[in-house]
Amino acid sequence: MSSIYKYIVIASLLVVVSLTSFAQENTAEKEEDKTDTLQVSFRPKGIRIGIDMLGLAKKTFGTDRSELEFSADVEIHRYLVNFEYGQFESTQSGSDSSIYQNKGNYFRTGIDINLFKKDTDVNVLFFGLRYGQASFDDQLQHVQTNDLFGDGNFDRSNNSINARWYEVTSGIKLQIAHNFWLGFTNRLKFSLKMDKSESLTPFEVPGYGRGADTNTWGFNYLLMYQIPFKKKKK
Amino acid sequence: MNKQTTILLLLIGLLSSCFDDGDCESTKTDLLLIDFKSFDTKSDSTVTVQSIVLANSDSLFHNETSISSATLPLDPNVDTLRISFNYPDTTLQILLSYTTTPRLITPDCGVELGFGNIAIDEHGFDSVAVKSSTLDEQITSNIVIYL
C-alpha cells in the first residue's frame with residue numbers, strides 16, 4: 001500500500017480518536033458532579049490475556065509465515081501495563097530462486113494510557129509506548145550468477161541474532177461479551193538496533209518487520225479474555 | 001460508544017493491516033574504484049598500463065590505455081583477490097581481502113550482495129591507501145595508489 005494510504009488511515013484514526021474523546025468530554029461534563037464524588041481506584045481488576053488472530057489465521061491456514069503472538073495487560077486506573085510475547089517462523093522464496101528462512105521469538109513491554117475517562121472497565125481507546133526485543137536464527141541459500149568469475153553458492157546463516165526497538169502504539173479494546181474483548185493495535189516501530197553480522201544481513205526481524213526499514217508499521221487484531229483478580233461482592 | 005463508531009474503528013484497524021511497503025532500491029555494487037595519484041603532489045596522476053588482470057578471470061581491463069582511475073569488479077566467490085597491473089617493463093600487484101554479505105531485499109527483488117571490510121594485504125607500489133572499505137554506488141573512491 002502506498003504511503004498516501006498510510007496518511008489517510010492515520011488521519012482517519014486521529015479524527016475518530018478526537019471525535020470520540022470530544023464526545024466523552026461532553027458526556028463527562030454533564031456527569032461532572034457525579035464523578036467528582038467518586039474515588040479513583042488504582043487496584044487492578046484483573047489480567048487480560050489475548051491472542052493475535054491474524055497470526056493465528058496465518059498459522060492455521062499454512063502460509064509461508066507463522067507469527068503466533070500472545071498479549072497480557074493489567075489495567076491500573078487509566079493505565080495499562082502490557083507484556084507481549086510472540087513466536088515467529090518464515091520461509092521466503094526469492095524470484096532468483098533464493099530461499100530465506102527465519103525462526104525466533106520476541107517480546108514487547110510498555111504502558112498504554114486509556115483515553116476514555118469513563119467506562120474504563122468496558123472499552124479502551126489507548127495510546128502508548130513499547131520496548132521490543134527479539135532473538136532469532138536465519139539462513140539464506142542463494143546461487144550468485146556472475147559472467148566474469150562464474151556462479152557461486154551462498155549458504156549463509158546467523159545464530160542467536162539479537163535486535164531491539166521502540167514502538168508508539170494506538171488502538172482500541174472493545175468489550176464484546178462478559179470478560180471478552182476484541183481490538184486492534186497499530187504500531188509505529190522505530191530505532192531498530194541489531195547485532196552486526198558479516199555473514200548475512202537479516203531480511204526480517206521477528207516482531208519488527210523488515211530489517212532494512214529504519215521505521216515500519218505493525219498491526220495486531222486481538223481477541224482477549226480477562227481473568228478477574230476478585231469477584232464482585234453481591 | 002455507538003455501533004457506527006465501533007465498526008468504523010474496527011475497519012480502520014483492519015485496513016491499516018494491509019501496509020506492505022517494499023521496493024528494489026539498492027546502491028550495492030561489485031565495482032571497486034581505484035584512483036592513481038602522485039606520491040609527491042597527491043594530485044591525480046595518469047599512468048599507461050598494458051593491462052590489468054584479475055585472478056580467477058581471463059578478462060583484461062584497461063588494455064593499453066592511459067588512465068587516472070580504474071573500475072574493477074570483485075569476485076563474489078572468494079574473500080581475497082589479486083590484481084595485477086602490467087606495465088611495459090614490470091608488473092605490480094595488489095592483494096585485496098574483503099567480505100561478501102548477502103541480503104534478501106524482498107522475495108520479488110531477490111538477493112543483493114554487499115562487499116565490505118576491504119583491506120590491502122599485500123602490494124608492490126610505493127604507497128596504497130584504502131579510502132572506503134565498502135562498495136557502494138554513492139562512493140567515489142575505494143583505493144588510492146600513489147605513484
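**Reading the second largest pocket**

Modeller: In this predicted model, the lining of the second largest pocket holds, by class, six nonpolar, 10 polar and 10 charged residues.

Biologist: How much space lies in that second largest pocket, and which residues are the closest to its centre?

Modeller: The second largest pocket contains about 740 Å³ of space. Its lining is made up of 26 residues, of which T201(A) and A212(A), together with K28(B), R103(B) and E112(B), are the closest to the centre.

Biologist: Which elements give two or more residues to this lining, and which one gives the most?

Modeller: The elements that give two or more residues are β8 (91-106) and β9 (110-123), both in chain B. The most comes from β9(B), which supplies five residues to the lining of the second largest pocket.

Biologist: How should I read the two strands together: in what sense do β8(B) and β9(B) pair, and over how many bridges?

Modeller: The pairing of β8(B) with β9(B) is antiparallel and runs over 11 bridges. These two strands form a hairpin, with three residues between them. To follow the pairing at one position, look for L104(B), which stands opposite V111(B) in β9(B).

Biologist: What pLDDT does chain B average, and what ipTM and pTM does the predictor give the complex?

Modeller: For chain B, the predictor's confidence in each residue, the pLDDT, averages 86, and 85% of the residues in that chain score at least 70. For the complex, the predictor gives an ipTM of 0.77 and a pTM of 0.78.

Methods. Residues numbered from 1 in each chain as written. Chains lettered and ligands numbered in written order. Predicted model: local features only at pLDDT ≥ 70, side-chain atom pairs only at ≥ 80, totals over all residues. Heavy atoms only, no water. 1 Å grid on protein atoms, 1.4 Å probe; cavity = no way out; pocket = protein on both sides within 12 Å on 5 of 7 lines; lining within 4 Å. Points joined across faces, edges and corners; volume = space filled by probe spheres on them. Helix = DSSP H or I, 4+ residues; strand = E, 2+ residues; numbered from the N terminus. Nonpolar A, V, L, I, M, F, W, Y, C, P; charged D, E, K, R; others polar. pLDDT = per-residue confidence, 0-100. Pairing = 2+ DSSP bridges.
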